[in-house]
Amino acid sequence: MPAEGGLIFSRALGNTLRALLERDPRVILLGEDIADPYGGAFKVTRGLSTDFPDRVRTTPVSEAAITGIAAGLALEGFRPIVEVMFCDFTTLCFDQVLNHIAKYGAMYDHQVECPVILRTPAGGGRGYGPTHSQSLEKHFLGIPHLRVVAASLYLDPLTVFSQLLSQSEPVLYVEHKLLYPLSMVDAGGDDSPELLFGLDSGECGLPTVTISAVPRRECTVTVFAYGYGAVQAANAAWDLAIEEEIFAEILVPAQIAPVDWGPLERSVAVTRSLVTVEEGTAGWGWGSEVAAQVSRRFFGSLRRPVESVASARDVIPAARHLEQQRIPGAEAIAQAIREAAR
Amino acid sequence: MAGDSRRGNRLPAIDRTPDLRLVGSPEEPRDERLFRRMFFLRCFEEAVLDLFSEGLLNGTTHCCIGQEADCVGIAEHLTPGDHVFSNHRCHGHYLAHTGDAAGLLAEMTGRSDGVCGGVGGSQHLCAPGFKSNGVLGGTMPAAAGIALAQQLRGTGHLSVAFIGDGTLGEGVVYETLNIASLWRLPLFVVCEDNAWSQSTPKRLNMAGGLRERFEAFGIPTREIDTTDVLEIDHTAGEEIAAVRHAGSPRALVIQTYRLCHHSKSDDNRPLAEVESRWLLDPLRVHGVRLDGQRRGEIESEVRQGIGSLVECLRRAA
């Protein structure tokens with residue numbers, strides 16, 4: 001339940017990129033249609049090419065080459081940030097990420113670093129159909145030396161990007177499209193006095209935000225969610241608390257891979273039940289790995305098997321009513337929480 | 001770098017200072033140095049193939065026997081600050097650029113004091129100003145990105161990408177040529193057309209023209225059909241100077257021939273074709289220009305240099 005009137009996520013992200021360009025001459029933005037006056041398909045970079053014409057470059061429709069050019073820049077000490085217009089198109093960058101960018105450091109015995117950041121709008125809910133609605137991050141999870149980070153309303157993107165620029169591993173930063181028009185939530189402030197917000201700084205350099213209606217000791221289920229799923233889960237946590245007296249603690253990790261297990265362990269140790277939420281297709285994904293790891297770490301103390309909420313293993317239709325059947329909705333998440341909270 | 005204790009060497013550290021018997025001294029006449037370096041590359045790879053036969057090397061390797069003139073002729077015109085991105089067939093490019101035979105052989109024998117600590121092996125090498133990767137085509141945009149870095153910094157240096165005719169099947173090559181031309185990047189593409197893509201002749205792989213693929217993007221392209229190191233040296237000098245002067249991309253297509261197999265023992269090419277190409281062996285083409293006695297001295301020095309290196313690693317193995 002984001003507050004009215006706060007800075008919306010897309011502007012917060014645009015401001016972040018502007019701040020990075022202003023303070024760090026190594027930062028270069030590349031991407032299709034990111035230059036003014038268009039400013040990117042989701043307007044995140046609007047205004048930046050006007051003020052930084054050499055360092056904010058619109059490119060041809062060539063995802064592989066853009067990603068590879070960013071690799072070359074990063075190898076030479078620059079800090080390129082690439083916008084991949086739709087997450088669906090990250091398949092076209094995949095060889096560069098897997099066989100080049102994520103390998104250079106280890107393959108060359110750590111003589112070089114290749115800290116490329118790929119940003120990409122992901123997810124459905126806008127009726128864009130089978131090739132413009134996907135959440136494909138699961139295909140990047142587990143690539144050695146690649147970090148996968150998810151945009152969130154609960155953590156200032158400047159905090160996140162400052163951390164990413166302070167280290168040398170490459171990053172895929174996934175931005176759920178439905179976050180763009182939503183207002184940022186100040187997790188440390190009083191934007192949403194109904195919900196309790198906490199920050200577990202964890203060990204990976206990026207924190208995990210905790211959200212619940214009541215203190216952790218009263219919660220009987222942990223929900224591990226990111227992207228728009230985190231917003232849905234937070235809303236569900238509030239509704240279930242006031243309408244059904246079901247208390248869930250939502251954990252929103254900034255980094256979804258590698259998973260920072262500490263914050264999750266601290267919550268599950270208390271609630272002894274876990275639901276994961278992702279918008280990618282079900283199976284072989286984030287929830288599967290989290291379920292496997294948590295089952296191992298909490299074998300014998302979990303009250304029930306880990307539940308994973310994900311999209312149907314099918315294409316995402318363009319028609320609204322069909323799309324809603326395929327991707328996790330508020331009710332599916334609430335129902336999973338109800339079951340797991342018992 | 002050699003003997004870096006961080007890597008926990010068990011073995012006595014190798015000396016990675018380039019051996020003058022292999023790379024020649026700066027005062028050596030150019031004709032002799034070019035021959036010496038080509039012979040160095042040849043002897044190194046022959047030693048590598050012998051070590052494979054003896055079971056002392058692990059994995060696979062792609063030799064450039066027959067293409068040494070390309071490596072040596074291009075390297076002659078690069079200066080510290082320039083960058084080379086090479087491919088799977090990278091020994092010659094690496095050795096011509098760095099002279100680091102010890103580091104490369106240590107790498108191929110899996111030693112922690114190899115070029116990449118034994119991780120990279122034959123086709124994933126890294127040194128200041130040099131990298132190679134075994135996935136074809138994907139190195140092109142990285143080379144262009146390095147060129148962009150040089151342009152943004154105003155260094156005046158250039159980025160060289162070595163590719164082969166087979167790599168022209170990869171789409172990312174054309175994405176990169178387009179951007180390199182649009183952004184006027186100081187990228188020098190050297191396409192070594194050795195007529196065969198692994199086991200497949202060019203006629204089954206390539207429609208239309210080769211140089212036209214570069215020219216279609218407005219990239220000035222020279223094409224030479226030669227294994228003569230002097231011709232390559234001369235042409236590379238002009239082309240690299242032009243890239244430096246204009247700060248924009250150019251391509252050099254060299255029609256050459258791989259006299260050895262693709263990797264270790266995979267050669268189904270017509271024997272007569274391969275034999276006829278030995279007449280154009282770059283060592284033969286240029287070797288006849290040298291005084292016979294001097295040539296013999298150079299060959300002997302190079303053999304000694306490679307021999308002592310192989311012995312050193314054999315003792316340590």
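Guide: Before we turn to the strands, one term is needed: two strands are said to pair if DSSP finds at least two bridges between them. Please also keep in mind that this is a predicted model.

Visitor: In what sense do strand S8 and S9(B) of chain B pair, and over how many bridges?

Guide: Strand S8, residues 221-225 of chain B, and S9(B) are joined in a pairing. One place to look is B:Glu223, whose bridge partner in S9(B) is B:Val253.

Visitor: Which residue of S9(B) stands opposite B:Val190?

Guide: Strand S5 of chain B, residues 187-193, also pairs with S9(B), in the parallel sense and over six bridges. Within S9(B), the residue that stands opposite B:Val190 is B:Leu252.

Visitor: Why is strand S9 of chain B described as largely enclosed by the rest of the structure?

Guide: A residue counts as buried if 20 or more other C-beta atoms lie within 10 Å of its own. Strand S9 of chain B covers residues 250-255, and it is largely enclosed because the buried ones among its six residues number five.

Visitor: Which element gives the most to the side of chain B that touches chain A?

Guide: The contact takes 24 residues from chain B and 25 residues from chain A. On the chain B side, two or more residues come from each of helix H6 (139-153) and helix H7 (171-182), and by class this side has 15 nonpolar, eight polar and one charged residues. With ten residues, the element that gives the most is H6(B).

Visitor: Within chain A, which element supplies the largest share of the side of domain 1 that touches domain 2?

Guide: Chain A is divided into domain 1 (9-179) and domain 2 (196-341), and their C-alpha centres lie 26 Å apart. The contact between them takes 30 residues from domain 1 and 27 residues from domain 2. On the domain 1 side, strand S5 (147-150), helix H5 (157-165) and strand S6 (171-176) of chain A each supply at least two residues. The largest share, four residues, comes from S5(A).

Definitions and conventions: Residues numbered from 1 in each chain as written. Chains lettered and ligands numbered in written order. Predicted model: local features only at pLDDT ≥ 70, side-chain atom pairs only at ≥ 80, totals over all residues. Domains from an automatic or database assignment. Contact = placed C-beta atoms within 7 Å. Nonpolar A, V, L, I, M, F, W, Y, C, P; charged D, E, K, R; others polar. Buried ≥ 20, exposed ≤ 12 C-beta atoms within 10 Å, placed from the backbone.
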